[in-house]
Amino acid sequence: MNPASVGISLQACAKHYERGRQALHPVDLRVEAGETLVFLGPSGCGKTTTLRLIAGLEQPDPGGRVLFDDEDVTALPIEARRVGMVFQNYALFPNLDVRGNVAYGLRIRRLPREQIRRRVDELLELMRLRDFADRPVQGLSGGQRQRVALARALAPRPRVLLLDEPLAALDAQLREALRVEMNALLRGLGVTSIYVTHDQAEAMALGDRIVVMSQGRIEQVGTPREIYHRPANLEVAGFVGLLNRMRGGLRDGRVHAEGEQEIWFRPEDARLLPEHEGELRGSVRQVIFLGDRTRVGVAAGGGATLWADVPGRVDVAVDSRVALRVAAEALLNPAAKPR
Ligand code: ADP
Ligand code: MG
């Protein structure tokens, strides 16, 4: 762990904006020193607001407190909190070259010139930007800009790194590549990091823990596995992956169509079988080729379409009769047995 990084506590932090409804209901949250915590939720759920409270760009409503370790920083402005921020558009200074951007936070702190040069060189090296040091930032690729933004945020040795949808503006392929890079980087740095995204795959890949938010509230806090396999409620279950819902029953350790129990499961937990070999029988509605797997929609479960993800290729025709088999252990309902 990075010795300079701190744990963060939010205590009863709520936020009303002057004109608008309540952006954040009172939130209590503990971020461990050195961990990468992801805020995940749909647009408008309060992720940026929470991040800005931690940064010191917003004040919580009276009564709310923000602590860095044991220090109450609620009244401190952003300059006094020693946080590094990375935004969606990177907000690089277009009139400065790469070196100038990375040096910026050190210059405004009026550090000695030689010390600035050494620290900037260190970061250019770390971010593999040495060959671009004297280039203007306009000519850089999306990935290079991201690394400049990170280097700039890290240069003054922040106690906390705050990232607000840093990959959201990029195309899907680049986003996936940078997600891998970001993962290695955040793990290597050991700085307490809070990463905001509305993309569940990104959240899964990056978070030591994920905070799922909805409408200004925290729905669940947990590791990616906990969130995915043991969602606290329907909101979370549906947000972090495709969810099958049906009414049925459990018999001999399997899901059956007969019954009134609410049943949730993921598509990868449904096996696709010939009609007379499975419990949930129906006609194929849709076949979607996804490259590494095929997603098959079956009209079973009382008319609702249930989805099964089959690894690799599958030869099944629309309108043919099939059956799905789902093991009772695969149930996601919060009341079901944890796994
Ligand atoms: P997210 O980052 O999850 O998309 P935000 O935290 O930006 O969500 O916004 C949460 C809610 O607060 C939204 O309803 C948004 O419209 C509102 N909001 C955000 N900033 C302001 C502001 N400066 N003034 C008024 N309302 C705001
Ligand atoms: Mg936002």
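Glu 202 sits in helix α7, which covers residues 200-206. The model described here is predicted. Glu 202 has a relative accessible area of 2%. Because burial requires a value under 20%, Glu 202 counts as buried. Gly 34 lies 168 residues away from Glu 202 along the chain. The C-alpha atoms of Glu 202 and Gly 34 are 19 Å apart.

The chain as a whole can be described next. The protein chain has 339 residues, and 50% of them are buried. Nine helices and 17 strands are found in the protein chain. The C-alpha trace spans about 80 × 50 × 40 Å along its principal axes. Among contacts with a separation of 6 or more, 61% join residues 24 or more positions apart.

Strand β1 spans residues 8-16, and strand β4 spans residues 65-68. These two strands pair in the antiparallel sense over four bridges. Within that pairing, Ile 8 stands opposite Phe 68 in β4. Strand β1 also pairs with β2, in the antiparallel sense and over six bridges. Ile 8 has Val 31 as its bridge partner in β2. Ser 9 stands opposite Arg 30 in β2. A hairpin is formed by β1 and β2, with five residues between the strands. Gly 20 lies in the turn of this hairpin and has a positive phi of about 155°.

Strand β2 (residues 22-31) also holds His 25. The relative accessible area of His 25 is 18%. His 25 is therefore buried, since the cut-off is under 20%. The side chains of His 25 and Gln 22 are joined by a polar contact of 3.4 Å. Outside the four places on either side in sequence, His 25 is in contact with Cys 13, Ala 14, Gln 215, Gly 216 and Arg 217.

The residues around ligand 1 include Tyr 17, Arg 19, Arg 21 and Ala 23. Pro 42, Ser 43, Gly 44, Cys 45, Gly 46, Lys 47, Thr 48 and Thr 49 are also around ligand 1. By class, the shell has four nonpolar, five polar and three charged residues. Helix α1 (residues 47-55) gives the most to this shell, with three residues. Thr 48 has a side-chain N or O atom 2.8 Å from an oxygen atom of ligand 1. For Lys 47, a polar side-chain atom lies 2.9 Å from an oxygen atom of ligand 1. Cys 45 places a backbone N or O atom 3.2 Å from an oxygen atom of ligand 1. On its own, ligand 1 has 560 Å² of accessible area, and the protein covers 62% of this.

Helix α3 (residues 98-107) is largely enclosed by the rest of the structure, because seven of its 10 residues are buried. The buried residues of α3 are Val 98, Gly 100, Asn 101, Val 102, Ala 103, Gly 105 and Leu 106. These buried residues pack against α4 (113-126) and α5 (142-154). Strand β16 (residues 305-311) is also largely enclosed by the rest of the structure, because five of its seven residues are buried. Strand β15 (residues 293-299) pairs with β16 in the antiparallel sense over seven bridges. In this pairing, Thr 294 has Val 310 of β16 as its bridge partner.

Conventions:
Residues numbered from 1 in each chain as written. Chains lettered and ligands numbered in written order. Predicted model: local features only at pLDDT ≥ 70, side-chain atom pairs only at ≥ 80, totals over all residues. Heavy atoms only, no water. Near = heavy atom within 4 Å. Polar contact = N/O pair within 3.5 Å; in protein donor to acceptor, adjacent residues only side chain to side chain. Areas by Shrake-Rupley, 256 points an atom, 1.4 Å probe, with all protein chains shown as cover. Nonpolar A, V, L, I, M, F, W, Y, C, P; charged D, E, K, R; others polar. Buried < 20%, exposed > 50% of the residue type's maximum accessible area, 1.4 Å probe, protein only. Contact = heavy atoms within 4.5 Å. Pairing = 2+ DSSP bridges.
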